[in-house]
Amino acid sequence: KKRKQSFLGIQNGIDTDFFGPEHNPYITRYSAKSLSRKTINKALLQKKFHLTQDAKKPLLSVISRLTSQKGMKLLLPLVEKLVREHSCQLMILGQGDMAIEKGFFEYMRKFPKEVVIDAEFSEKAASQIYAGSDMILVPSKFEPCGLTQMIGCAYGTIPVVRKTGGLADTIAPFRKRNRSITGNGFVFTGFSSSALLKELVRALRMYRDTEQWQRLMKNAMKKDFSWKRSAKEYLRLYQRLMH
């Protein structure tokens, strides 16, 4: 703390040649100029996992270790409300705490057409989920950097994150001023299910305005999270140290 002026944080980057909808070999490719093709990926994802085929249903996803640190205990109590009251679908890729896994599997049995958990991680499955989902949830208790939210942005899959660590550094909260939209996701502060739900309801409300949602998607896809950006920051740091 005494020497905090001597420290500099540099964010990780992502491989934008792979983690992006224009180049990924596992998906129907699309870009910010052809967002209608993202709906093809959503339909394919719903079909693959036997979810209700409905383009209008918000499809929320989690690609994460299923642990308390990742905020999964915040999400678990909300699943039934999201399905019943907000007509959501939930796609989970990951494994972790057995009690949390069991909870999600129970919801999958209860709502087989709306909730899926896949414990077998693969790059192909992850790519298809990023491309086919509408939102990616990252409600972590703490997160030094995090890649999931940055990859989500690259795919135009809007992150809903907790304001902590690298999540707060990379996701600017959605704001609407007159006809202008800023931000690249939705951010909540308190580490509680109620705080997460409040922000999700806000996101779902905007999701139903297709025009504005697509503008937010484009905002997210324009963000530069490449290693090229990170490398420039390292270069500036080294140059400063040399003087």
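The model is predicted, so local features need pLDDT of at least 70 and side-chain atom pairs count only at pLDDT 80 or more, while totals for chains, interfaces and linings use all residues. Residues are numbered from 1 along each chain as its sequence is written, and side-chain values use heavy atoms, without hydrogens and water.

Let's start with strand 4 (residues 135-138), which is covered on both faces: Met135 and Leu137 are buried on one side, Ile136 and Val138 on the other. Helices (H or I, at least four residues) and strands (E, at least two) are DSSP runs, numbered from the N terminus. In a regular strand the side chains alternate between the two faces of the sheet.

| Neighbour | Bridges to strand 4 |
|---|---|
| Strand 1 (residues 59-63) | Two, parallel |
| Strand 5 (residues 158-162) | Four, parallel |

Ile136 is the bridge partner of Ser61, and Met135 has Ile158 as its partner in strand 5. From strand 4 the chain passes through helix 6 (residues 148-154) to strand 5 in a right-handed β-α-β crossover (clockwise from the first strand over the helix to the second, with the strands pointing away from the viewer).

Now to accessibility, where buried means under 20% relative accessible area, exposed over 50% and partly exposed in between (1.4 Å probe, protein chains only). Tyr234, in helix 10 (residues 227-242), counts as partly exposed because its relative accessibility is 34%. Asp17 sits in the segment before helix 1 (38-48) and, at 57%, counts as exposed.

Key
Pairing = 2+ DSSP bridges.
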